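Please look through the sequence and the 3D structure shown here before reading on.

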Amino acid sequence: EFPRICQLADALGVSYQFAKDAHRAGLPLMGGRITRSSAMAWMADHPDFRAEARLARAVSRKRPGRKSRRANF
């Protein structure tokens, strides 16, 4: 998935995070790939996908756990 998203970002002239946000918001990748024209059409149909992806990213972020203190015996 990583190289294909990078290739999509390069083809669209956008950042990796922008392409990853599109994928997270529902950009359909058939076998992990999509054509440039299909990606552009999807983005035109979903102009607010970045807000949805940011919300999904914020919800899925893991909070750092507390380090356990082990007794020194």
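What follows is a description of the chain as a whole, then of its helices, its core and its aromatic rings, and finally of one loop.

## Basis of the description

This is a predicted model, in which local features need pLDDT of at least 70 and side-chain atom pairs count only at pLDDT 80 or more, while totals for chains, interfaces and linings use all residues. Residues are numbered from 1 along each chain as its sequence is written, and side-chain values use heavy atoms, with hydrogens and water left out.

## The chain as a whole

The chain has 4 helices and 0 strands, so named because helices (H or I, at least four residues) and strands (E, at least two) are taken as DSSP runs and numbered from the N terminus. Read from that end, the order of elements is α-α-α-α.

Of the 73 residues in the chain, 21% are buried, where buried means under 20% relative accessible area, exposed means over 50%, and partly exposed lies in between (1.4 Å probe, protein chains only). The accessible surface of the chain is about 5,900 Å², and carbon and sulfur atoms hold 53% of that surface; such areas come from the Shrake-Rupley method with a 1.4 Å probe, and for residues only the protein chains shown count as cover. Among the contacts in the chain with a separation of 6 or more, 56% join residues 24 or more positions apart, a contact being heavy atoms within 4.5 Å.

## Helix 2 and its buried face

Helix 2 covers residues 16-24, and its buried residues are Phe 18, Ala 19, Asp 21 and Ala 22. Seen down the helix axis, these buried residues fall within an arc of 155°, so they line one face of helix 2; the arc is that of the directions from the helix axis to the C-beta atoms. Just after helix 2 comes Gly 26, which has a positive phi of about 120°.

Asp 21, which lies in helix 2, counts as buried because its relative accessibility is 1%. Leaving out residues up to four places away in sequence, Asp 21 touches Phe 49, Arg 50, Ala 53 and Arg 57.

Helix 4 has 12 residues, 49-60, and its first and last C-alpha atoms are 16 Å apart, close to the expected 16 Å at 1.5 Å a residue; the expected span is 1.5 Å times one less than the number of residues in the helix. Phe 49, Ala 53 and Arg 57 are buried in helix 4. Within helix 4 these buried residues take up an arc of 70° when seen down the axis, so they line one face of the helix. An α-helix has 3.6 residues a turn, so residues three or four places apart point the same way.

On the other side of helix 4, Ala 51, Leu 55 and Val 59 are exposed, whereas the buried residues of helix 4 pack against helix 2 and helix 3 (36-45).

## The nonpolar core

The largest nonpolar core has 12 residues, including Ile 5, Leu 12, Ala 22, Leu 27, Ala 39 and Met 43; a core of this kind is a set of buried Ala, Val, Leu, Ile, Met, Phe, Trp, Tyr and Cys residues joined through side-chain atoms within 4.5 Å. Helix 1 (2-12), helix 2 and helix 3 each supply at least two residues of this core, and the largest share, 4 residues, comes from helix 1. Apart from its neighbours within four places in sequence, Leu 12 is in contact with Arg 36, Ala 39, Met 40 and Met 43.

## Aromatic rings

Rings of Phe, Tyr and Trp (its six-membered ring) pair if their centres lie within 6.5 Å, and planes under 30 degrees apart count as stacked, over 60 as edge-to-face and the rest as tilted. By this rule there are 2 aromatic pairs. One of them joins Phe 18 and Phe 49 edge-to-face, at 5.2 Å centre to centre and with 80° between the planes. Because Phe 18 lies in helix 2 and Phe 49 in helix 4, the pair ties together parts that are 31 residues apart in sequence.

Arg 33 is found in the loop between helix 2 and helix 3, and at a relative accessible area of 49% Arg 33 is partly exposed. Not counting residues up to four places away in sequence, Arg 33 touches Arg 4, Gln 7 and Pro 28.
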